[in-house]
Amino acid sequence: MISQLFILSPRGDVIINKQFRLDVPVKITTEVFFRTVKFWKDGDKAPAVFSEDGVNYVHVKVAGLFVAATTRKNVSPSLVLELLHRVAKVIKDYCGVLSEDALRKNSILAYELIDEMLDHGYAQTTDTETLKQRVFNEPIHATEDVGKSSVGGGVTPKKYGFFSASVGQFGSGGAPTSAKRSAVNRSVIATPQGPDESAGGRNEIFVDVVEKLNVTFASDGSQVSSEIDGSIQVRNFLHDRPTIKLALNEELAIGGRDLGAFGGPGRYQGYSAGGGMAVLLDDCNFHESADLSQFDVDRTISMTPPAGEFALMNYRVAGEFDPPFRLQTVIDDGTPYRLQVTLMLKAEFPVRNTCTGLQVKFPVPRNCVNAHPTLEQGSVGSGQQHAAYTQADRAVVWQFKKVKGQGEHVLTINVSFPDEASARASKKECGPATLSFTIPTYNASRLQVRYLQIGGGPTGGADGIAPGGGGKDGKGAHRWVRYVTKSSSYVCRV
Amino acid sequence: MSGGDARYFTSYKKGEIAEWRNEINNPDRDKKKGAVKKVIAAMTVGKDVSMLFTDVVNCMQTGDVEMKKLVYLYLINYAKNQPDLAILAVNTFVKKDTQDPNPLIRALAVRTMGCIRVDKITEYLCDPLQRALDEDPYVRKTAAICVAKLFDINAELVRDRGFLHQLHDLLADSNPMVVANAVAALSEVQHSSSSGIENFTLASDTVHKLLAALNECTEWGQVFILDSISSYSPQNERQAESIIERVTPRLQHANCAVVLSAAKVLISQLEGVRNSDAVSHAVRKLAPPLVTLLSAESEIQYVALRNINLIIQRYPDVLQDEIKVFFCKYNDPAFVKQEKLETMVKLASQENIEQVLLEFKEYATEVDVEFVRKSVRAIGRCAVSIADSAERCIGVLLELIKTKVNYVVQEAIVVIRDIFRRYPDRYEGVIGALCDSLDSLDEPEAKASMVWIIGEYADRIDNAEDLMDVFLETFSDEAVDVQLQLLTATVKLFLKKPSSGPQNLIQKVLHQATSDTDDPDLRDRAYVYWRLLSSDPEAAKEVVLASKPMMSNDRAYLDLEALQQLLRQVSTLSSVYYKIPSAFAPRSTNIINGVNLDETMSSDLADSANKKGAENSASASLSPTPGVDMLADLNDGFEAAAKQSASANLDSFAAFPESPGTFLTRPSSSQASNPSSGAFAKSTLPSSRRPVLLSEHASSGLRISGSIVSRGDGMPYYDFLISNLTQKPLTGFQFQFNKNFFMLAPEQQPDDGMISPGESKSCMIPLSYLGTSAGGKASLLLQVAVKSPLQNDAIFYFNDQIPLEAILQPAAEMGFELFTEIWQSIRMVDKCTKRLDVSWPLSGASIEGALAKLENNKFNTVSLKSNDDAHVAFVMGKIMLAKSEEYILLQITFAIGTGAIDAACRSRVEGISDLTLLAVHRLMS
């Protein structure tokens with residue numbers, strides 16, 4: 001199993017270095033690792049697993065920090081990777097945020113946690129709840145700006161907690177506002193017992209249905225590939241460890257298992273006998289504490305959720321679905337020295353939803369002299385849209401503050417060239433356009449949380465919770481169920 | 001703790017140590033704890049606070065768990081450097097803490113004592129460990145791991161105290177966490193055991209217990225259990241199916257490690273299932289979870305894709321309909337994109353080729369140059385492997401050439417050369433289009449490819465002569481690869497169009513290649529052509545224009561045997577590197593003092609940063625040691641050889657060079673020219689029947705396979721097959737053995753027969769027992785050095801295991817009385833018992849068969865006694881040791897009822913019993 005676990009700052013400083021076995025030179029490996037990653041060939045990102053001088057290095061990057069392990073054994077790399085993510089997550093659960101500062105302040109706590117999570121390099125317990133009984137050091141709050149240092153910050157969103165970065169965007173959905181932001185970044189340890197609702201002590205649970213879309217459109221608008229990576233993320237700050245029961249759509253089919261009832265795989269062909277639209281997932285998996293005994297009967301999941309953040313369920317839809325955006329591109333090469341590109345954007349989602357922070361990036365040919373974007377009439381100066389060409393990227397970026405459902409927008413780009421021939425030849429070098437966006441209170445798969453019940457009681461009943469809404473049960477526990485759809489890779493070819 | 005730990009990290013002055021010492025000895029609890037925290041904070045940032053050892057360790061005498069944990073943290077860190085001080089602490093934690101009423105403290109003590117690697121105190125650990133193995137589950141699971149720790153420090157002690165049996169018992173524990181840790185500890189013991197006697201083979205009832213524990217376990221425990229089950233060989237098809245059925249639900253787990261380990265079990269158990277419906281059913285279940293792994297973090301995606309690329313070579317259908325999910329996303333990291341490309345090439349078929357080509361074409365316009373090149377190559381690989389799609393692929397490549405993007409054009413030309421080789425005389429219509437881009441070629445490989453194409457189709461390209469003329473103008477500036485191609489292509493041109501123009505060209509190029517170059521390959525090749533052309537132009541035609549061997553499909557680049565080996569390694573590092581474990585993770589790791597290792601490594605540090613992957617370091621250290629006096633070099637050499645085996649690299653491309661004659665016209669084949677993707681490229685495993693002892697990569701082209709056999713007269717022979725993969729004849733080999741336990745030495749050296757390039761010869765070398773004894777415990781290890789005079793007197797080293805049966809003496813009859821007398825003799829000090837798992841069912845006939853097999857290998861049956869439910873065989877063997885004969889006695893009990901075979905072995909030679917039982921097991925199964 002693993003011989004050593006270490007955490008490095010983005011600059012390669014050793015923050016945590018824990019040795020489990022003597023078969024690797026722990027003082028050297030951190031440096032070898034950092035150099036190797038830093039100077040990986042051709043400036044590429046180093047793969048997660050590599051070997052150097054007979055030592056195997058496995059690493060992940062979380063919140064800008066390198067969390068890495070070394071071993072000389074033929075271990076399961078997926079186990080080590082999962083474990084490293086989990087170590088980072090537990091430390092984050094404890095410290096509230098994961099950052100260099102927080103780690104340095106809490107290094108003794110981190111060592112104690114690692115000692116409980118791994119023995120002789122073997123993973124033991126990574127469940128925050130169980131760890132609480134065995135870990136005695138208390139977290140010390142980092143003073144750093146939480147917005148900047150939270151796990152979700154930075155360019156690469158990670159599974160565990162990328163949500164926290166986008167929490168602020170939920171204002172329009174009637175979901176928690178700034179008060180919640182700090183609530184989300186708090187330590188699981190800080191939860192006091194009892195109904196005290198002072199800062200950091202609220203008795204509440206967040207259930208977020210997060211869907212990331214991977215769609216590629218061909219130039220004719222058909223979908224080359226389309227996939228939803230969904231996840232039900234829970235952040236649990238409930239007091240007294242109650243059991244919860246979560247119900248999903250009754251008309252939910254899972255590929256392979258009940259294919260027969262709903263026709264071909266990967267498509268929403270199935271209309272169930274009840275007439276409702278069926279949701280078909282190609283595959284899904286669950287958190288280990290989920291009790292699925294009723295799942296096949298009425299699509300309910302019971303569990304005693306561990307404290308802190310975890311993915312209750314991950315699912316995948318590979319079939320075609322109604323995409324939230326379509327982008328049509330027309331390139332006119334009728335004028336010499338020039339290409340006129342027209343981008344027509346259509347928001348296909350319901351009118352009640354609003355997309356925040358849409359950005360369309362459209363690369364233009366390398367040899368162009370300039371590209372000049374023109375916004376549609378009426379939108380100039382409204383502050384809602386903005387488009388600009390950046391020489392360095394060779395791309396036009398078209399940004400929206402908000403896009404209403406069913407809205408249509410047009411952008412015209414005039415691309416000029418040094419000579420006539422290159423204009424025509426370069427036509428093929430336009431595009432593809434990539435879209436990045438977040439649509440709160442909307443989910444592409446139509447997977448719904450019908451109800452969320454806390455404790456054994458009948459409260460929080462079948463009336464359900466509106467998307468993006470919150471509610472309070474009889475015992476004073478707050479429940480928040482939110483939906484969000486984000487782009488992961490949303491590409492429209494030209 | 002208002003100020004946080006941060007204040008412990010403030011500057012560190014000389015007076016501080018004294019100050020901390022004062023605070024630690026302060027009776028106030030909080031002050032004490034605060035001070036210890038400061039000390040530990042200083043320790044974690046690498047400051048030396050060892051002078052406070054006694055003060056800190058004194059704080060251990062407290063009921064405060066937090067305090068105790070802090071002290072233990074300190075203790076572990078310093079115990080290995082300050083063993084003498086550590087012993088002082090032993091009293092407290094062995095005598096008191098391991099008997100504390102609080103299980104948390106007991107577990108803490110057990111966990112910590114295993115981390116204190118001080119030989120002197122391990123003895124003290126045994127009693128507390130014994131106690132801990134049957135206590136509270138939390139303590140028990142910690143103790144299970146502690147056995148593995150102790151084994152690492154002192155294996156003998158663990159065996160003597162019977163801890164391994166206790167671990168086996170824990171497999172049936174009621175607490176699944178304990179079961180999981182026991183499995184983990186047993187697997188580790190098995191892997192690190194140098195003698196290999198701790199063979200942790202699962203019995204079928206154990207497998208059932210493990211499967212039962214599986215559902216209750218933590219996710220990590222599930223991985224340990226699944227990994228151990230994956231190496232279990234099922235007794236019959238029904239059992240394999242039932243294991244598959246029990247494990248399949250694990251594929252739904254959110255933890256990717258569980259999913260991959262479950263997939264590994266499925267794949268390994270499927271080998272035992274012949275019912276094709278059951279196989280396809282199980283394989284179908286495998287597909288969705290594998291695809292779901294691609295939704296995980298990119299690091300895990302990478303691991304998943306490497307595994308998927310293995311699995312689909314064995315089960316091509318499993319993901320056939322899922323090709324779309326492997327399309328690259330624009331924001332995938334480079335290492336994921338490259339793996340996805342590989343998967344797409346492997347999954348491409350007649351049905352989806354249109355879609356796939358559209359994708360590749362799209363990728364070829366991206367900005368990442370390396371990725372673009374790989375995409376263009378991918379198009380060529382599809383063309384080569386799917387015959388019906390070749391035309392479409394060429395079409396796409398021509399479109400790409402028209403973009404005039406320099407690196408795309410060059411890559412496309414290289415790829416088209418491969419397509420021409422694969423489908424000769426079918427697509428020469430596109431040559432015209434290729435010739436339009438001649439000016440833009442500046443990379444040697446693309447240039448060489450273009451020249452090859454011109455030479456190959458010289459009779460159909462009207463202006464071939466002019467084109468060659470232009471290329472030849474810059475002959476002396478070209479890279480060697482291009483020069484070689486130019487030379488060959490000019491000869492082809494001349495042979496196909498023997499007119500005056502080409503004749504001038506050929507004279508020019510032959511002259512340049514023989515007189516103006518330093519490259520021996522180029523010069524030699526030019527001379528060969530020259531002589532061929534001047535002596536017999538017809539023969540030259542036959543050689544140079546000979547039809548070329550078919551280009552193989554490189555989609556399935558692993559041969560079946562290698563693939564099977566790697567599939568057994570799914571979900572391990574091995575499956576990510578595509579190397580078998582012994583190539584990068586030696587079975588028994590030497591425990592080297594951390595400090596020394598640090599030093600040796602830091603000297604390498606400077607250049608190691610420039611190295612990528614293991615290849616460089618391996619190839620650097622693999623250069624042969626030129627030796628004047630062979631024996632003097634022996635010891636150094638063995639050390640070097642031991643190091644090499646740690647980093648030895650199995651990478652290899654084409655297995656054999658083609659026979660002379662064809663190599664002249666052979667353009668670098670596509671396999672050889674493919675840049676290895678990532679640091680870890682293809683691996684090919686030896687496929688000859690005799691095990692390969694010395695790989696040609698370690699010895700610049702000399703391959704030796706073989707094993708020690710017995711010829712019946714009691715004298716062993718080394719049966720070698722020596723292959724010469726160099727370019728020159730080899731002869732005059734000399735073999736030497738290092739000191740070995742059985743004192744084997746070569747009695748003769750091989751005769752002086754010449755082995756020509758590409759040829760293999762076998763030879764038998766008789767061995768004697770006149771060598772030098774290595775002493776110590778019995779060991780079958782044999783270290784061999786071979787000197788090859790024609791390779792600059794290079795000496796190569798390899799290790800082999802002596803098969804025990806090869807060195808057994810033919811034994812005279814022995815009576816049962818004598819057997820029992822010797823058996824009970826007090827001098828039979830070396831004893832070992834073991835349960836032997838065999839795949840065959842026990843019956844009178846099968847037992848006799850097994851004993852006959854032993855008899856053939858000189859294990860004679862003294863007596864066979866039977867009652868209703870068991871047969872007991874008394875078996876003896878004889879070995880030669882330091883010119884005296886030693887008996888090995890065996891008592892093998894075949895329990896018909898339970899199907900179990902228990903064997904006990906006794907001997908006077910220390911260590912031989914373990915080895916005997918291993919050999920008997922191997923011979924019987």
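This is a predicted model: local features need pLDDT of at least 70, side-chain atom pairs count only at pLDDT 80 or more; totals for chains, interfaces and linings use all residues.
I took residues as numbered from 1 along each chain as its sequence is written, with chains lettered from A and ligands numbered from 1 in the order in which they are written. Local features need pLDDT of at least 70, side-chain atom pairs count only at pLDDT 80 or more, totals for chains, interfaces and linings use all residues, and side-chain values use heavy atoms, with hydrogens and water left out.

Entry 1, count. I used the rule that a salt bridge is a side-chain nitrogen of Lys or Arg within 4 Å of a carboxyl oxygen of Asp or Glu. The count over all chains is 59 salt bridges.

I looked up K89(A) and found its side chain in a salt bridge with D93(A), at 3.2 Å from N to O. The two sit 4 residues apart in helix α2 (residues 77-95), so about one helical turn separates them. Helices are DSSP runs of H or I with at least four residues, strands are runs of E with at least two, and both are numbered from the N terminus. K89(A) and D93(A) are both buried (under 20% relative accessible area; exposed is over 50%, partly exposed in between; 1.4 Å probe, protein chains only).

I then checked E805(B), which forms a salt bridge with R922(B) at 3.1 Å, N to O. E805(B) is in the loop between β9 (794-801) and α36 (816-824) and R922(B) is in helix α38 (residues 912-924), so the pair ties together parts 117 residues apart in sequence. E805(B) is buried at 12% relative accessible area, while R922(B) is partly exposed at 45%.
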